[in-house]
Amino acid sequence: MDALFDVALLSRIQFAVTVAYHFIFVPLSIGLGLITAIFATKYYRSRDEKDGAAMHFWVRIFTATFAIGVATGITMEFSFGTNWADYSRFVGDIFGAPLAAEALFAFFLESVFLGVLLFGEKRVSPKFYTVSAWLVWAGSCLSALWILIANSWMQTPAGAELASDGSKAVITDFLAAAFNPSILPRYTHVIVALLILGAFVSMAVGAWYLLKGKHSDFAMKTVRIGAVVGIVASCVMIVTAHASAVEVSEEQPTKLAMMEGMYNDEVPPLYAFGWVDEESQQVITPFAIPGGTSFLATGTWDAEYAGLNSLAETEKYGEMNVADMPVNLVFQSYHLMVAMYGLIMLTAILAIAFSMRGGRIATMRWLQKLLVVSPLFPFIAIQVGWITAEVGRQPWVVYPSTSGPDGVSLLTNNAISQAVSAPELLLTLALFAVVYAFLFIGWVRVISHFIKRGPVDAVAAVESAAPAAPAAKTCDAKDGE
Amino acid sequence: MSALAVLWFFLIFVLIAGYFVLDGFDLGVGVLYRALAKTDAERALVRRSIGPVWDGNEVWLLTAGGALFAAFPAAYATTFSGFYLAVMLVLFGLIVRAVSLEFGAHDPKWGRAWDACFTIGSFLPALLLGVALGNVIAGVPLAANGDYAGVPLLGLLSPFTLVVGALGFAMCMAAGAAWVALKTERTSAVHGRAEKQRRVWHVVALALFVVATVLAFAVVKPQFAPGMLVAGAIFAIAFVVCIAASIAQAKKGNDLAAFVLQSIAAVCLVALTAVSLFPNLVVAAPGSVGESITLMNAASSDTSLAWMTGIACIGVPLVLVYHVIAYRVFSGRIAEEDVA
């Protein structure tokens, strides 16, 4: 029952729920933004009506998804003030600027050209329209950059020092703060993951139509575009994932220890799967490659890393209570992410192999079925990847990283809003649950309506404000075909 | 008091003014939606009038929030955590409203539910943001660490803050009606209804402004910084003149001038708020343990503010270019045939 009155815990739950929900739609829209822009370019070059219908199809799905991402993002921007007031006071000198820059450089770009994409096709030139599709996508990637600059600074603070009265972090070097040690690996890692998700969704939609024997021309096109983006992104992923692992091993020793279940100093082996018994501080697994993780992080088989117990004895990580560390959660999240990557790579290879040239996938029903469920792999990987990154940073909200400036760190429990009470949090949590569930059902309804309708310009194309009743009739008639 | 801190104090109010003018009209459109549009075709028309621009308008709020966080972290922390439930209601409003605008047209079976989301979601921010600003002016009880120390939600309601909230709301309504009048064919039924609403809300806004001014001097008694009282008087007079001129232009059927004058009046109102607060960001109510949050004790370091200024120098011109593009591409009146 104590949990019901624990403001820090409730605040963490609320942040986790709202950010995980937001992060269903943002990856989809950044991933599908690229697919949409590619189709817009295709239509711009060919001016073929079929390509036009295909573009409108993706614009519809993209914009509906984008809308819910934007809406749920508003919560995130203000959550630092509403739920993490002491955090805001501590980091405001550094953390606020990237948020303001994100709004100024990215949100305005996205929103204005999204308006053009939705309503402007008849009002601007085809070239302007195509450029707008790319600008929306560029804006969303830029937005990801600024928010990841902010988040990476929390993981590996830089360019800052503790104020003389010890009350807050003060900026010393803006560029060093922005280009902190983890931003490059983390940004590329995230963006590539989102592109994989977009590619897999594109393939899934195509494969669905192949299974149903509908819109086969469009279906093959989307599968092919998805397969190309998918295989390229999956290969680049190896580089970014490796860079991220190296960064964690160098800068965030307690996170590395949690990812691999290391309580004691050891040369970390590579586990495919396992279970961390937090009581006995042991990893239970049937199989491990000795020195495997050491090899991945350093290229040598014998690099020893510090375990949680010895890290807790150091001054830097002394605030950590090893018994309370959510080691198994981080371990499982991380290993699930890696396992999902295995499935992603396998799917990407199969998809590219059988969709190019002859396009044998057109008759391979098992592969079509695999592709229909395949977006789950990157989707799960993205969610558990974030859990690894964020839970792995606990118990700190601003992490005392290896190269981080002395004193610039903050425990999550010291970051809350003291003015907000547990009952208020319970009330808003309940409201979030209801409102977000309602929106999710609405989104599923709209998206499945679009997919059933297919890549056809039945009504006045993407003019989405069409009067409701006649539009519905036209669509129902089409659906019945 | 660093010059950069003073600059950012005013820049934040510029962003708030931008938000109040731009999202103000589309929030107003949302609340008046059912009153202005009676048929499906009319509702589609009204939605379309703000369809391409509402998202960009709303970003002004996000930018203002981000800028407040960056420039005056203590003020951001105190207001957003102190007004927690009110802020959450605003956020829920903005969320369901945004989604209903995009989904409503594609989901006729849930049409009424989405329409309700649109109206309620517009109502909450249109009213509550003014109430929040009223509290900042009137003063709130502050704890020693700067936290809000009053009663959650209900503690924010007083005659003055409610009147300020109502004034902000009336301004949104007048702007929404003026916008729809500007965007629809003069002969259409929607246009006629918008004109009627515009007339009503103009008068309501003027009346509430008088009440708010009287209450401010009788109850709140703001402490004007030297010279700021004169500036405040100028903005107050400018507000009244602009609203009166907007009414006159509306009578002549000059919808564009009426909308622009209405917008300038909204800017005057925000400017009046800014000068009456200066140099305070959040006034501590009498008897508070903590001090008022001011631009002296809450400002970020000059290094941080200098970088922010650089970012603004690049970003703000870009934003203005985007807005010119958006409003030019979608300029002109729209008819029911255009959205069919």
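**Figure 1. The largest nonpolar core of the predicted model.** The largest nonpolar core has 299 residues. Those with the most contacts inside this core are A:Trp58, B:Ile12, B:Ala71, B:Phe72, B:Leu167, B:Ala170 and B:Val270. Helix H3 of chain A, residues 85-119, gives the largest share of the core, with 24 residues. The coordinates shown here and in the other views come from a predicted model.

**Figure 2. Surroundings of B:Phe72.** B:Phe72 is one of the residues with the most contacts inside the largest nonpolar core. When neighbours within four places in sequence are left aside, B:Phe72 is in contact with B:Leu281, B:Leu295, B:Ala298 and B:Ala299.

**Figure 3. The side of chain B that touches chain A.** The contact is made by 66 residues from chain A and 64 residues from chain B. On the chain B side, the elements that give two or more residues are helices H2 (40-50), H3 (54-71), H4 (73-82), H5 (84-103) and H11 (302-329). H5(B) supplies 13 residues, the largest share of this side. By residue type, the side of chain B that touches chain A divides into 42 nonpolar, 15 polar and 7 charged residues.

**Figure 4. Chain B as a whole.** Chain B has 12 helices and 2 strands. Along the principal axes, the C-alpha atoms of chain B fill a box of roughly 60 × 40 × 35 Å. The radius of gyration of chain B is 20 Å, which agrees with the value near 20 Å for a compact globule with 340 residues. Of the 340 residues in chain B, 60% are buried. Among contacts in chain B with a separation of 6 or more, 79% are accounted for by residues 24 or more positions apart.

**Figure 5. B:Leu256 in helix H10 of chain B.** B:Leu256 is found in helix H10, which covers residues 255-277 of chain B. This residue is exposed, because 11 other C-beta atoms lie within 10 Å, and a residue counts as exposed at 12 or fewer. B:Leu215 is 41 residues apart from B:Leu256 along the chain, and the C-alpha atoms of the two are separated by 33 Å.

**Figure 6. Two annotated spans of chain B.** An unreviewed UniProt entry carries the annotation "transmembrane region" for several spans of chain B, including residues 83-104 and 203-220. Residues 83-104 of chain B are 91% helix and 0% strand, with end C-alpha atoms 31 Å apart. Over residues 203-220 of chain B, the chain is 100% helix and 0% strand, and the end C-alpha atoms are 24 Å apart.

**Figure 7. Confidence of the prediction.** The model scores ipTM 0.92 and pTM 0.92. Chain A has a mean pLDDT of 90, and 95% of its residues reach 70 or more. In residues 459-481 of chain A, pLDDT stays under 50, and the model has 45 contacts beyond four places in sequence for this span. Where pLDDT is low, the predicted coordinates should not be read in detail. Chain B averages a pLDDT of 93, and 100% of the residues score at least 70. Within chain B, confidence is highest in helix H7 (residues 159-183), at a mean of 96, and lowest in helix H12 (residues 336-339), at 82.

How values were computed
Residues are numbered from 1 along each chain as its sequence is written. Chains are lettered from A and ligands numbered from 1 in the order in which they are written. This is a predicted model: local features need pLDDT of at least 70, side-chain atom pairs count only at pLDDT 80 or more; totals for chains, interfaces and linings use all residues. Two residues are in contact if their C-beta atoms, placed from the backbone, lie within 7 Å. Helices (H or I, at least four residues) and strands (E, at least two) are DSSP runs, numbered from the N terminus. Ala, Val, Leu, Ile, Met, Phe, Trp, Tyr, Cys and Pro count as nonpolar, Asp, Glu, Lys and Arg as charged, and the others, Gly among them, as polar. The radius of gyration is taken over C-alpha atoms; the globule rule is 2.2 Å times the number of residues to the power 0.38. A residue is buried if 20 or more other C-beta atoms lie within 10 Å of its own, exposed if 12 or fewer, and partly exposed in between; C-beta atoms are placed from the backbone. A nonpolar core is a set of buried Ala, Val, Leu, Ile, Met, Phe, Trp, Tyr and Cys residues joined through C-beta atoms within 7 Å. UniProt positions are given in the numbering used here, feature names are shortened, and annotations may be inferred rather than shown by experiment. pLDDT is the predictor's confidence in each residue, from 0 to 100.
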